[in-house]
Amino acid sequence: MNGRIGLAIAVVLTGVSAFLIQVIASQAGTAQPWGNELSDDFVFVRALPIVLGLGVAYGLVGGWARSTGRPARRGDGAIRRFSGTTIALHALLAVGFLLALPTGLWQYLGGILDAPGPLPVYLYYRIHYVGAAIILVAVTGFVTYWWMTGDRSLLIPRGDWGRHLRGFALEIPRPLGTRLARILKLDLRRPAGSSGAFTFYEKVFSFPTWGFAIGLITITGLVKLLRYAVPIPGTIIFVDSTLHVTAMVILVIRTLDHLRYTLGRWPLVVAIATGWLPPRRGHAAGAAADVAEAERSATGAGS
Amino acid sequence: MKRLVAVLGLLWAAANLVVTYWMVTGAFMATTARKEGLVAQVSLLLGGLLVGAFAVGLGRLCLRILAAPDEASGA
């Protein structure tokens, strides 16, 4: 029941936010001295509080609607891996990336190659800003949701780094794993134990690099966005733009790696679409034992 | 469904290979990168090669899924 009410609240909030942003955009009007790019920049700056507020609201609603009494295991043996809020925010993030990454890449490569591309420049920026706004909503939504629910299943507990690094070295291809173990002085003969609801690869490498790159691109993007509204020295803008592009390239690589990792483990794709890790051979079967541990500690709901 | 996702993944990998081509050739040929100096050129080259390597990895997996959906996708 809470889920349906939460969804209804989220839909209403989305509608109200879209209306408010539309009002801001229409207030910019045509009788202003700026070009379309600069005009869009100001619309985005003024819409920022609404965008961030909507993300926080999604997180709060998701946290409130999360049912703590749900079973973590289905009758057919499937294990709950993701909650409805996580699925929705992940999908939102994917849509944001689909809009922001290609347009960001085109702005960068178009400048490098000195090729304007088929669309007017302002349209690339406009689509990029829409994608960035969606990413901001999803990121603030996730952070608020994790704060609300206290879910830390993707984080490595304090004092448990050695075991996780060992598990990570054992999960990646052997030549890479042994090299990493030699550098970090890890004893791979010792068992790593259970990684919990997520694999060592996801906890040690995937999630931290996603978090770092998304954090970097968000902060540098906000600085770039605010440079017309607040005076910022040219050197800072140069460093900021370089870091923004670096984060973009990291995200392009992370997206490819994430797709490679998950498509090679189809139950994970099913899990992010339905919330349930199917009871199949391969990863799901292996993960069943891991998730059993998470089940014991969780309140019965998935991240 | 698995095949459709594999085709989409293949398209994404192919698009990223185009990006790789632009970045790698841009490192040597683009006037802007040459003006910005060696660091910009090396960054373009390294970034391009990394994107290319991961795109090849994804592309290979998607081709394997298309050939044998159950074996390649761990399901």
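Student: Is helix H6 of chain A buried or in the open, and how many of its residues are buried?

Tutor: This is a predicted model, in which local features need pLDDT of at least 70, side-chain atom pairs count only at pLDDT 80 or more, and totals for chains, interfaces and linings use all residues. Residues are numbered from 1 along each chain as its sequence is written, while chains are lettered from A and ligands numbered from 1 in the order in which they are written. A residue is buried if 20 or more other C-beta atoms, placed from the backbone, lie within 10 Å of its own, exposed if 12 or fewer, and partly exposed in between, and helices are DSSP runs of H or I with at least four residues, numbered from the N terminus. H6(A), residues 174-184, lies largely in the open because, of its eleven residues, the number buried is zero.

Student: Which residue follows H6(A), and what is its phi?

Tutor: The loop between H6 and helix H7 (200-226) of chain A holds A:Lys185, which counts as exposed because it has 7 C-beta neighbours inside 10 Å. H6(A) is followed by this A:Lys185, whose phi is positive, near 55°.

Student: How far apart are the end C-alpha atoms of helix H3 of chain A?

Tutor: The expected span is 1.5 Å times one less than the number of residues. For the 30 residues of H3(A), residues 84-113, that span should be 44 Å, which agrees with end C-alpha atoms that are 43 Å apart.

Student: Which helix supplies the largest share of the side of chain B that touches chain A?

Tutor: Counting two residues as in contact if their C-beta atoms, placed from the backbone, lie within 7 Å, 25 residues of chain B are in contact with 22 residues of chain A. Helices H1 (2-29), H2 (31-36) and H3 (38-67) of chain B each supply at least two residues of that side. The largest share, ten residues, comes from H3(B).
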